[in-house]
Amino acid sequence: MTEYVIETKKLSVYYGQHLGILDVDLRIEKGEVFGFLGPNGAGKTTTQRVLMDVIRPTAGKASMFGKDCQKEGVAARDRVGYLPGELSLYDNLKVSQFFKMYFSLQKSNTDRRYWHTLAEQLDLDTSRKIRELSRGNKQKVGVVAAFMNKPDLLILDEPTSGLDPLVQQTVMELVLEANQAGSTVFFSSHILSEIQAVCDRVGIIREGQLVATERVEDMTRQQFKRLRINFTTMPPADAFTQEGVAEMVRDEQGVLLEIRENLDQVLKTAARFGITDIETIPVTLEEIFLAYYGKGNGGNHA
Amino acid sequence: MLRLLLQEIRFRRNAIIGWAIGLTFLPAIYVGIYPQFEKDLAGLGDILDLPIYQAMGMNFGTFEDWIASTVINIVPILVAIYAVLDGTGTLAGEEEAGKLELIVALPIPRWQIVTVKAIALGIALFLILLLVAITTTIVFLAIESQIKTNLVWTDILWGLLYTWPIVMAVGMISLFLGAFAPRRRTAALIGTVIVIVSYFGSTLSSQVSTLETIQPLFLFHYLDSTAGLFETGPRASDVLFLLGVALAAFIYAIIFFQRRDITVGAWPWQRAKKVPA
């Protein structure tokens, strides 16, 4: 029987009458890097806060390492590194003082020097007061705090927010390093390319409900395909008008088609006009995501 | 946990020093000017018999009366204001500033977080009173030879430290309000109203016979700010009552903080109990 590092069952949070999340069923296995996608207010932060017992669910259950996040929260959180989305630190402390304090408050702390290594990797000056730091550098402090204890599970709410592209890259490398060392990672992000680059699976949350959970490659492969086909004789404008097929671009050489179904029929139709070239255009996670929200070309999931 | 406690005290360091320095001037001036005004104050007996002055607990007949009416009467009110600001700022304030989320997410039970903050607040209140008491005592020693009094320096020192239970009670009530109210501003407003109503309610109800029955409802009723304080010390029952209020408020702070949805900022009854149909 699979033991899930994170498991939620019918997890719901209401803020008074306002929906936070509804019936979220999430299972994340040991060693996975799981990306959580959704626009602002979709419920990503709420889900992560329930896991960290920052807020309590209205209904349903959440557990980490098989321990109930509310009833056994202390034991569950002992193996977790957490980076909140709205990070606010004790401004009057030096960075090094904050790290020492934060390290000492963790129960299973082992490598006392590891935060030095992380700070060096992120080019963070630990002798400065936190109040003197830029937003990006404060975010680095949060990243180091989350990783410093080499936790079994990392819960990161938009970890690269406010960071420049180079540091974003370093943070993603840290995520992969931690994952290779055995950590499970659950992180949300608006930067879909980074989720595509590092995640094994992705969950899409919309208006508080988990609408899809799939492996990244399956999601990008299964949702729709994009074919560029060049012809010896250009087909008429309505040649590919059929269920599940949309013509995106047409020029003098050929057409770009977005195909959700009837691929076989499309190829048969195309063959009648003499195919000179056929190319599969990779579909990005961003396009899938937009399709789920009905904003992409041909999106029909909204 | 010791490191968190030290950190909490460190966060209050500037406030302790600032409030202690600021408050020091008041008792130092009241004690320091007494030799110049001793005779004039004795002549104010008739005026001070007026109900308004009686209601404010004013009696300047002797040095003991003077110091009780001014220093012992006023310092706890001012320290209580600090207690309200600090107590409500500790949970509600840190939550609003976003600092609490990172601490709550650590593998520390919430009751321990409240306990550490409560201890730090108690220590801060004690240190402010201690610093004020020390400087007041020093000024007393400087003028002791010029005045007629039976007091010795330890009476002054203890007289101010005896006010710790009432400011601690206010501090713990404020801590509870910070765990209960949705925002710090609301908690601080309620806390301030409690202090003001309690102070004036106590003094007024002691002067109006029809209000005597409600006198025990006011916290400041349990603060002895008369010259008798220096002879017998505070009544044990008063101290126990105030510490009991502090303990009860602390327990309620734990209970409500335990149930609080951090970052949400809502009254306890606004929390959804079940998924709406």
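Let's start with two helices of chain B in this predicted model: H5 (residues 63-96) and H7 (residues 110-143), whose axes come within 11 Å and cross at roughly 155°. Here, axes are lines fitted to C-alpha atoms over the stretch in contact, with angles from 0 to 180 degrees between N-to-C directions. Helices are DSSP runs of H or I with at least four residues, strands are E runs of at least two, and both are numbered from the N terminus. So H5(B) is roughly antiparallel to H7(B), a term for angles over 145 degrees.

Who makes the contact? From H5(B), the residues include Val71(B), Val75(B) and Tyr82(B), and from H7(B) they include Leu121(B), Leu125(B) and Ile128(B). Contact means that C-beta atoms, placed from the backbone, lie within 7 Å. By class, there are 11 nonpolar, 3 polar and 2 charged residues. Nonpolar covers Ala, Val, Leu, Ile, Met, Phe, Trp, Tyr, Cys and Pro; charged covers Asp, Glu, Lys and Arg; the others, Gly among them, are polar.

Now, the whole chain. Chain B has 12 helices and 0 strands. Its C-alpha atoms fill a box of roughly 75 × 45 × 30 Å along the principal axes. Of its 277 residues, 44% are buried, that is, with 20 or more other C-beta atoms within 10 Å of their own.

A last word on conventions: residues count from 1 along each chain as its sequence is written, while chains are lettered from A and ligands numbered from 1 in the order written. Local features need pLDDT of at least 70 and side-chain atom pairs 80 or more, while totals for chains, interfaces and linings use all residues.

Terms used
Angles under 35 degrees count as roughly parallel, over 145 as roughly antiparallel, 65 to 115 as roughly perpendicular and the rest as oblique. Two residues are in contact if their C-beta atoms, placed from the backbone, lie within 7 Å. A residue is buried if 20 or more other C-beta atoms lie within 10 Å of its own, exposed if 12 or fewer, and partly exposed in between; C-beta atoms are placed from the backbone.
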